[in-house]
Amino acid sequence: MLYIFCIYIFYSLQSGPATMGLKGGSEVFLITSATQALAMILLHTFWSIIFFNAFDVNNYMHIAYVVGTHLFVSLITLLNVHEMYIATLLPNYIILLATAALAFKVAGGSKASLLRFVKCQ
């Protein structure tokens, strides 16, 4: 019975007015947070590939790229306080695409292997 009560409290707290951020918040806050979380998960995966490979081959440019883009992406999320969601998500997803391409190249991928993958060969 205690578990049912705890679950009821948990779900009632999630649907309350305070779940959309402090001081009210925007209606698109939830979807923006979800897309930002997706970008951060993928970025951390790609950054790990680039970062550890850069240490293996002593490529300090890639290390600087990972640290610099990590700092930029982290700091640009501070614009969410002012509800400037497009100014946050657009640069993050541009960096995500560039980082994905770099991670693919670092992992040994090539244009030919990408085309073979797309054509299922």
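The model is predicted: local features need pLDDT of at least 70 and side-chain atom pairs count only at pLDDT 80 or more, while totals for chains, interfaces and linings use all residues. Residues are numbered from 1 along each chain as its sequence is written, and side-chain values use heavy atoms, with hydrogens and water left out.

**Whole chain**

Start with a cartoon view. Helices (H or I, at least four residues) and strands (E, at least two) are DSSP runs, numbered from the N terminus. Along the sequence the pattern reads α-α-α-α-α.

Now colour by confidence. Helix H1 (residues 2-14) is lowest, at a mean of 57. Helix H3 (residues 60-76) is highest, at 95.

Switch to accessibility. Buried residues make up 23% of the 121 residues. Buried means under 20% relative accessible area, exposed over 50%, and partly exposed in between (1.4 Å probe, protein chains only).

Then turn to contacts, defined as heavy atoms within 4.5 Å. Of the contacts with a separation of 6 or more, 58% are between residues 24 or more positions apart.

**Stop 1: H3 against H4**

Select H3 and helix H4 (residues 85-106). Two packed helices are described by the angle between their axes and the distance between the axes. Here the angle is about 160 degrees and the axes are 10 Å apart. Axes are lines fitted to C-alpha atoms, for helices over the stretch in contact, and angles run from 0 to 180 degrees between N-to-C directions. H3 and H4 are therefore roughly antiparallel (angles over 145 degrees). Their crossing is left-handed, that is, the near helix is turned anticlockwise from the far one by less than a right angle.

Show the side chains at this contact. From H3 come His62, Tyr65, Thr69, Phe72, Val73 and Ile76. Facing partners in H4 include Ala87, Thr88, Pro91, Ile95, Leu102 and Val106.

**Stop 2: Thr88**

Stay in H4 and pick Thr88. Thr88 is buried, at 1% relative accessible area. Not counting residues up to four places away in sequence, Thr88 touches Gln36, Ile76, Thr77, Leu79 and Asn80.

**Stop 3: Ile50**

Move to Ile50 in helix H2. Ile50 is buried, with a relative accessible area of 0%. Beyond four places in sequence, Ile50 touches His62, Val66, Thr99, Leu102, Ala103 and Val106. Draw a C-alpha to C-alpha distance from Ile50 to Ala103: they are 5.5 Å apart in space and 53 residues apart in sequence.

**Stop 4: the phenylalanines**

Select Phe51, Phe52 and Phe55, which form one aromatic cluster. A pair of aromatic rings is described by the distance of the centres and the angle of the planes. Rings of Phe, Tyr and Trp (its six-membered ring) pair if their centres lie within 6.5 Å; planes under 30 degrees apart count as stacked, over 60 as edge-to-face and the rest as tilted. By this rule there are two aromatic pairs. Phe51 and Phe52 are edge-to-face, 5.9 Å centre to centre with 80 degrees between the planes. The pair Phe51 and Phe55 is also edge-to-face, with centres 4.9 Å apart and planes at 85 degrees. Phe51 and Phe55 both lie in H2 (residues 29-57), four residues apart, about one turn of the helix.

Last, check their accessibility. Phe51 is partly exposed at 23%. Phe55 is partly exposed at 46%. Phe52 is exposed at 54%.

Note on methods. pLDDT = per-residue confidence, 0-100. Parallel < 35°, antiparallel > 145°, perpendicular 65-115°, else oblique.
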